Amino acid sequence: MVELLFEYQLKRSARRKTVAIKVHQRSITVYAPHYVPKKQLDLWLVEKRDWVNSQLDKQINIADSKQYPLETHKILIFSNLIDITFEHALHSQVIEHENTLSVLCSSRVSHKKLKYKTLLEAYLTEKLGLYIDMRLAHFCKLMDEPLPNDLRIRIYKRKWGSCNSKRELTFNLLLIGAKKSIIDYVIVHELAHLRHLDHSRVFWQRVAKFYPDHKTASDWLKNNGQSLQWEF
Ligand SMILES: [Zn+2]
């Protein structure tokens, strides 16, 4: 008995002189002239199984890479909605186009989902870090505050920024989705904490001096912060 490895759709035509296989959307179609017996086609397909398998694998990979890691395929960067594509390539890297981000993962990487996540997070961390660095310099000068000793960017569930007595500041990576004016508010808020490690009246006075509309910004974060989340 011939072991048939694939289910396929058979399309016969009177005009056709040769046999052909097409693999599309993970299904196989065999085109054949009327006179070639089904059994012979099955045998021929078994001979071609390596090629058919490689085509199926390729399509499975493309389908999988489109499915994850982001469920939405869209992400906010400084409040612009950006399309993200996940693809296999020779080298892992992230390429930025005008309104699209291509996250490319090397075909040699075995845990692609994790790699996509790491690549995307590293890219966003750098982008947010560059912006915050620049604004820290600006606001430190304005507030007559020495630069902090360290700047870190992490994903937090419940806070946008934090600081400690060692003058180390941390910002939530999810802020990358917000408008720059909102990020500025979080920067001023954390810088004000360097003198007042609480939410006292003097603390808020200091925030208000350098970011007068702080109430609007903090309300926006309370009401819309959830929209900055993304799902991996
Ligand atoms: Zn605070």
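These exercises walk through one protein structure, each with a worked solution.

This is a predicted model: local features need pLDDT of at least 70, side-chain atom pairs count only at pLDDT 80 or more, and totals for chains, interfaces and linings use all residues. Residues are numbered from 1 along each chain as its sequence is written, and side-chain values use heavy atoms, with hydrogens and water left out.

**Exercise 1. The overall fold**

Find how many helices and strands the protein has, and what share of its residues is buried.

Solution. 
- Step 1. The protein has six helices and 10 strands. Helices (H or I, at least four residues) and strands (E, at least two) are DSSP runs, numbered from the N terminus.
- Step 2. Of the 232 residues, 41% count as buried. Buried means under 20% relative accessible area, exposed over 50%, and partly exposed in between (1.4 Å probe, protein chains only).
- Step 3. Turn to contacts, which means heavy atoms within 4.5 Å. Take those between residues at least 6 apart in sequence: 46% join residues at least 24 apart.

**Exercise 2. The zinc site**

Name the protein donors of the zinc ion, and state whether H189 is buried or exposed.

Solution. 
- Step 1. The donors are H189 (NE2), H193 (NE2) and H199 (NE2), lying 2.0 Å from the ion. Donors are N, O and S atoms within 2.8 Å of the metal (3.2 Å for Na, K and Ca); water is not among the atoms, so sites may look incomplete.
- Step 2. Along the sequence the donor residues follow the spacing H-x3-H-x5-H.
- Step 3. H189 lies in helix α4 (residues 180-193) and H199 in the loop between α4 and α5 (201-210), so this pair ties together parts that are 10 residues apart in sequence.
- Step 4. H189 is buried, at a relative accessible area of 11%. H199 is exposed, at 52%.
- Step 5. Leave out residues up to four places away in sequence. H189 then touches H199, F203, W204 and V207.

**Exercise 3. The largest nonpolar core**

Find which residues touch the most other members of the largest nonpolar core, and where this core lies relative to domain 2 and domain 3.

Solution. 
- Step 1. A nonpolar core is a set of buried Ala, Val, Leu, Ile, Met, Phe, Trp, Tyr and Cys residues joined through side-chain atoms within 4.5 Å. In soluble globular proteins, nonpolar side chains tend to be buried together.
- Step 2. The largest core has 48 residues, and L124, L128, I183 and L191 touch the most other members.
- Step 3. Elements giving two or more residues to this core include β4 (74-77), β7 (100-106), β10 (168-172) and α6 (214-224). The largest share, 11 residues, comes from α3.
- Step 4. Domain 2 (69-120) and domain 3 (125-228) both give residues to the core, so it lies between them. These bounds come from an automatic or database domain assignment.
- Step 5. Look at L128. Not counting residues up to four places away in sequence, L128 touches F78, I153, N172, L173, L175, I176 and I183.

**Exercise 4. Aromatic rings**

State how many aromatic pairs the structure holds, then describe the pair formed by F86 and Y116.

Solution. 
- Step 1. A search of the whole structure finds four aromatic pairs. Rings of Phe, Tyr and Trp (its six-membered ring) pair if their centres lie within 6.5 Å; planes under 30 degrees apart count as stacked, over 60 as edge-to-face and the rest as tilted.
- Step 2. The ring centres of F86 and Y116 are 5.0 Å apart and the planes stand at 70°, so this pair is edge-to-face.
- Step 3. F86 lies in strand β5 (residues 80-89) and Y116 in helix α3 (residues 112-142), so the pair ties together parts that are 30 residues apart in sequence. Both F86 and Y116 are buried.
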